[in-house]
Amino acid sequence: LGNADAHFNLSLLYHEGKGVGKDKKKMWHHLEEAAIAGHTFARHNLACYEGINGRHERAVKHWIINAKLGDQKSMEGLKESYADGMVSKEDCRSSSCTPGC
C-alpha cells in the first residue's frame with residue numbers, strides 16, 4: 001500500500017479495532033507511512049501521540065514539518081508548546097510559517 005489515505009485509514013482501524021483486532025504496533029506503522037507519504041493529518045496525529053508519550057522533541061519535529069506545509073493545527077501545536085516553554089524560539093521560528101513565536 002503506497003496510498004497515504006489508505007495508510008491513514010488503516011491506522012484508524014487498528015487504533016479503534018474496527019474490523020481488525022486492536023494493534024498499536026500496526027497503528028503506528030500505518031500512521032508513520034501515511035505521514036511519510038504526505039498525509040498532514042497523520043503527521044499531526046503522530047505529533048500528538050509523541051507528545052502524550054513524553055517524546056516532545058519528536059512531536060515538535062512533526063509539527064514543524066507540517067507547519068511548513070501550511071497545516072493550521074500543527075502551527076497551533078507549535079505555538080502552544082512555545083507558550084508552555086516546551087519549544088525554543090528557534091524551533092518555533094524554523095517553521096517559517098508560524099507567526100506569534
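1. The lining of the largest cavity consists of Ser11, Leu12, His15, Met27, Leu31, Asn45 and Tyr49. A cavity here is a set of points, on a 1 Å grid over the protein atoms alone, where a 1.4 Å probe fits but cannot get out, and a lining residue has an atom within 4 Å of a point. The model is predicted: local features need pLDDT of at least 70, side-chain atom pairs count only at pLDDT 80 or more, and totals for chains, interfaces and linings use all residues. Residues are numbered from 1 along each chain as its sequence is written, and side-chain values use heavy atoms, with hydrogens and water left out.

2. α1 (4-16), α2 (24-36) and α3 each give two or more residues to the lining of the largest cavity. α1 gives the most, with three residues. Helices are DSSP runs (H or I, at least four residues), numbered from the N terminus.

3. The largest cavity holds about 40 Å³ of space, and the count of cavities of 30 Å³ or more comes to one. A volume is the space filled by probe spheres set on the grid points, which are joined across faces, edges and corners.

4. By class, the cavity lining has four nonpolar, three polar and no charged residues. Ala, Val, Leu, Ile, Met, Phe, Trp, Tyr, Cys and Pro count as nonpolar, Asp, Glu, Lys and Arg as charged, and the others, Gly among them, as polar.

5. The largest pocket (an open set with protein on both sides within 12 Å along at least five of seven lines) has a volume of about 160 Å³. Its lining has 13 residues, with Trp63, Glu76, Gly77, Glu80 and Ser81 nearest the centre. α5 gives the most to this lining, with five residues.
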